[in-house]
Amino acid sequence: MLQVKVVSVVGARPQFIKCAPLSRQIRRHYDEVLIHTGQHYDSGMSDVFFEELRIPQPDHHLGVGSGSHAEQTGEMLVRIEHVLMDEEPDLVLVYGDTNSTLAGALAAAKLHIPVAHVEAGLRSFDRSMPEEVNRVLTDHLSTLLFCPTATAVENLAREGIREGVQITGDIMVDALEFYRGLAGATSTVLDRLGLAPGGYLVLTVHRASNTDDSARLKGILEAVGEVGLPVVFPVHPRTRHALAGHGIVVPANVVGIEPLGYLDMVRLMGSAHRILTDSGGIQKEAYLLGVPCVTLRDTTEWVETVDLGWNALVGVSPAEILEAVRRPAPAGERPPVYGDGRAGEAILDVLTAHFGA
Ligand code: UD1
């Protein structure tokens, strides 16, 4: 076995999901050291994913928790740097666009440790999103950039980043392919909630732009109150605080529940009539599952889902949300624009070439 050491940095829910299939591949060939920054810390936002997806326990749990962007990112930088100086890895692997991603990339780059970015090149072209700032900076700090799509490669080229750029497909497809069967076989979420397949909608909201602005959050809930079907709403902690803070009452047809684990979420989304979300990953999962998506944002990184007719980008106007929900499902095909579920293998091939194995 090669004595190559990879430090992977995760911290938020979508990163646990992305790291599950890739970590399995990496550990076949390399030493992997896993850092959990602690950005997400509730058991339903963190532990459940490690258990269900059988992700190895983190070697370093930094316990950073919540704070302002500077506090959270700064605290992570300091603690990640200590670990990197101790572990002396050959590569630091970061995922997606969270504060944990940026902190991992910046701490490594300053120590001259090469950075690999999974989900590189995504852009919403909206710098008011903290995630966009994190993505742009992380890409400019990275040596290896694993792009899910051709659009992502073009975005990087436009910013002058061409070296180290690889199109690998999307690691979330790997995760979905791997766990979908298990979700179908084991999840009891529909029974628990008394839902019939096709007879309900799923709603998720957690983007700062929607939770911090009470008018936007109110508009979304007003619209879903009118859809005439039950709406299952797994409530992100940020959103729970915002609903309470803004004094917003959830309409009667909206079933607010605790955040779900991945297997329940996949099962729930797979049988939904429509999915309404401001999440990035869920737009793509809706496409992969063949469920029309209504995106409660003004921009998206996953433009293919919109271009192919499976995703309606409507913002938060109640009239537009309702119109999009009532639109007939698209008849179009769903070409494999996000790859074939073998992004993990493709990433491993690049790593092998990089380390000269
Ligand atoms: C983060 C990411 C976002 C990602 C999302 C997935 C950034 C800037 N944003 O947003 O890209 O799509 O995760 O969920 O990194 N909280 C809890 N318990 C938890 C986690 C959070 O109560 O386990 C609360 C805290 O009060 C915190 C708030 O939620 O202030 C927001 O958490 P934060 O870590 O800023 O990120 P997310 O909004 O989840």
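**View 1. The largest nonpolar core of the predicted model, with 67 residues.** Leu93, Phe146, Tyr262 and Leu268 have the most contacts inside this core, where a nonpolar core is a set of buried Ala, Val, Leu, Ile, Met, Phe, Trp, Tyr and Cys residues joined through side-chain atoms within 4.5 Å, and buried stands for under 20% relative accessible area with a 1.4 Å probe, protein chains only. At least three of its residues come from each of domain 1 (5–170 + 339–354) and domain 2 (178–326), with bounds taken from an automatic or database domain assignment. Val224, Ala242, Val254 and Val314 are included in a second, separate core of 26 residues. The model is predicted, so local features need pLDDT of at least 70 and side-chain atom pairs count only at pLDDT 80 or more, while totals for chains, interfaces and linings use all residues. Residues are numbered from 1 along each chain as its sequence is written, and side-chain values use heavy atoms, with hydrogens and water left out.

**View 2. Surroundings of Tyr262.** Leaving aside residues up to four places away in sequence, Tyr262 touches Ile17, Phe49, Glu52, Leu53, Ala175, Leu176, Tyr179 and Glu285 (contact: heavy atoms within 4.5 Å).

How values were computed:
Buried < 20%, exposed > 50% of the residue type's maximum accessible area, 1.4 Å probe, protein only.
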